[in-house]
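Please keep the sequence and the structure in view while reading.

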Amino acid sequence: MGRLSSSNLLHFIIVFMKLCYHVYSVTHWEDIQALKQFRNAIDSNSVSPGSCLASWDFTVDPCDSLSGDKFTCGMRCDVVISGVSRVTELTLDQAGYSGALASPSWKLPYLQTLDLTNNYFTGSIPSSFSQLTRLQRLSLSTNSLNGSILDSAGSLPDSLEELLLDNNNIHGPIPQTLNNLKNLKRLELQRNKLSGEFPELTQLSNLQYLDVSNNAISGYLPGNFPGTLIELTIRNNSLQGNIPASVVNSSVYLQVLDLSYNNLTGSLPPELFSHPSLQQLTLAYNQFRWVEPPANWVRASELIAVDLSSNDIHGFLPGFMCRMPKLSALSLENNKFTGVIPTEYALKAVTVDGVGEMAPFERLLLGGNYLFGLIPGPLLRLNSGSGVTIRLGDNCLYECPESFYFCGGGMQKSLMECKAFTPVSP
């Protein structure tokens, strides 16, 4: 048998080592160490039988055992180079795990998704997250995290496209340094303890969804938001002042705007009602005083639902709203509207299939105002089986007996209260 040449021998050794590496070490050793550190940081008492982490057994290779009875869930691996797999996703089940996120090293440079939603992880967002240089989605929703975003914003990788920190105990301000996350498309911070003024985040030029509801944000709305926003929700905070027209004009793709349950005042800018893409407008439970009608013809409006209830809005019912072609849900309850109910409102409610391209009212809530006069005749043709929700209770209407389903749920105001009310002119 002839001898192997030195080149053939070297080739044989390389092939042999690759085969051995594939058999004994599919997962990169650094990833295995990082996974071990993460598992050791979890409180063992919170790992229940049958959960993802209960199946983690490091006597076998993690990425080579995903189809077996070990490492049955929680991870995804991808072959990156030379047959070596790297962990690219870590998504735990919602099994009530607890532990501090600062303990692991987080040396998982190929990780793209980290989802630890709905568990009991504590502490602040660790600075070691900066090592997750390819991370695109970080979801830590519904845990027990605390600390400040200000302290951790610098450790978040700029590759992030989704940052979900909602339903925690995070406090402090929303830092402007979040503008460094240039690729961010979704930012959810609702149901925390955030405070201070809302910063301008206009450098987030890819941001589409922003939710900061149920916090303690105060001060005024910034003059501009990212022009790519589709949904903007800052409900149940302590915002004050008016809504700058620039807020509406800057977000050209905006479809949902919810600023309800704040302390906003002044007039509603007409741009809200002529926006080219806005479909849902919710401004209930504020202190707005006036509705400014848009100068442009509203037949181009995309609005489907408008809720201006529980404000301090004066004047007559806005006539332009019944001419919005797609508007089917309108709530103006608990304001100080006066005058008669326009016949156009009634016609839009009783026309089941709409007229031409005009959608009918499916929900028309006008209770709790100072509307007077007779109920428009077309409404008298409706009954509780008509499929239209209408509320006219607690007004000053001449006659609104409870035999009409839309008059129930609130008696009419007394004659004395109605006479004492003096409409305020703008």
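## Burial at an aromatic pair

A residue counts as buried when its relative accessible area is under 20%. In this predicted model, phenylalanine 38 is therefore buried, since its relative accessible area is 2%, and tryptophan 56, with a value of 8%, is buried as well.

The search of the whole structure returns 14 aromatic pairs. One of them joins phenylalanine 38 and tryptophan 56 in a tilted arrangement, with 6.2 Å from centre to centre and 50° between the planes. This pair links distant parts of the chain, given that phenylalanine 38 belongs to helix 2 (residues 29-40) while tryptophan 56 lies in the loop between helix 2 and strand 1 (75-81), 18 residues apart.

## Aromatic cluster and charges over rings

Phe38 and Trp56 also belong to one aromatic cluster, whose other members are Phe58, Phe71, Trp106, Phe121 and Phe129.

Elsewhere, arginine 134 lies over the face of tyrosine 110, at 4.1 Å from the ring centre, and the charged end of arginine 186 sits over the ring of tyrosine 209, at 4.5 Å from its centre.

## Overall form

The secondary structure of the protein chain consists of six helices and 27 strands. Its radius of gyration is 30 Å, well over the 22 Å that the globule rule gives for 426 residues, so the chain is more spread out than a compact globule. Along the principal axes, the C-alpha atoms fill a box of roughly 110 × 45 × 45 Å.

Of the 426 residues, 50% count as buried, and the accessible surface comes to about 19,700 Å², with 51% of it belonging to carbon and sulfur atoms.

Definitions and conventions:
Residues are numbered from 1 along each chain as its sequence is written. This is a predicted model: local features need pLDDT of at least 70, side-chain atom pairs count only at pLDDT 80 or more; totals for chains, interfaces and linings use all residues. Side-chain values use heavy atoms; hydrogens and water are left out. Rings of Phe, Tyr and Trp (its six-membered ring) pair if their centres lie within 6.5 Å; planes under 30 degrees apart count as stacked, over 60 as edge-to-face and the rest as tilted. Helices (H or I, at least four residues) and strands (E, at least two) are DSSP runs, numbered from the N terminus. Buried means under 20% relative accessible area, exposed over 50%, partly exposed in between (1.4 Å probe, protein chains only). A charge sits over a ring if NZ of Lys or CZ of Arg is within 6 Å of the ring centre and within 35 degrees of the ring normal. The radius of gyration is taken over C-alpha atoms; the globule rule is 2.2 Å times the number of residues to the power 0.38. Accessible areas come from the Shrake-Rupley method with a 1.4 Å probe; for residues, only the protein chains shown count as cover.
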